[in-house]
Amino acid sequence: MDYGTLRGLIALLILALFIIIVVWAYSKKRKTSFDDAANSIFEEDRKNEVNKQETNNNV
């Protein structure tokens with residue numbers, strides 16, 4: 001096996017891995033977990049607002 005063939009096989013392997021990752025990322029099974037992760041930052045903001053309101057009411 002010469003160097004050019006090896007480079008071609010490695011390029012095909014990298015392309016296949018890229019396609020697998022893209023299919024995994026856009027699969028319907030993963031959508032809910034990605035949506036939950038994307039919205040988690042807003043849940044933390046809501047918790048902080050509730051804590052601030054509770055401390056202000058106690059003053």
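The legends below describe close-up views of a predicted model. Residues are numbered from 1 along each chain as its sequence is written. Local features need pLDDT of at least 70 and side-chain atom pairs count only at pLDDT 80 or more, while totals for chains, interfaces and linings use all residues; side-chain values use heavy atoms, without hydrogens and water.

View 1. Helices (H or I, at least four residues) and strands (E, at least two) are DSSP runs, numbered from the N terminus. Of the 59 residues, 0% count as buried. Buried means under 20% relative accessible area, exposed over 50%, and partly exposed in between (1.4 Å probe, protein chains only).

**View 2. Asp35 and Lys31 are joined by a salt bridge.** The distance is 3.0 Å, N to O. A salt bridge is a side-chain nitrogen of Lys or Arg within 4 Å of a carboxyl oxygen of Asp or Glu, and the whole structure contains one. Asp35 and Lys31 are four residues apart in helix H2 (residues 28-58), which separates them by about one helical turn. Asp35 is partly exposed, at 33% relative accessible area.

**View 3. Trp24 and Phe34 form an edge-to-face aromatic pair.** Their centres are 5.7 Å apart, with 85° between the planes. Rings of Phe, Tyr and Trp (its six-membered ring) pair if their centres lie within 6.5 Å, and planes over 60 degrees apart count as edge-to-face. Because Trp24 lies in helix H1 (residues 3-25) and Phe34 in helix H2, the pair ties together parts 10 residues apart in sequence. Trp24 is partly exposed, with a relative accessible area of 45%; Phe34 is also partly exposed, with 35%.

**View 4. The charged end of Arg30 sits over the ring of Phe34.** It is 5.0 Å from the ring centre. A charge counts as over a ring if NZ of Lys or CZ of Arg is within 6 Å of the ring centre and within 35 degrees of the ring normal.

Technical notes: Phe/Tyr/Trp six-rings, centres within 6.5 Å; stacked < 30°, edge-to-face > 60°.
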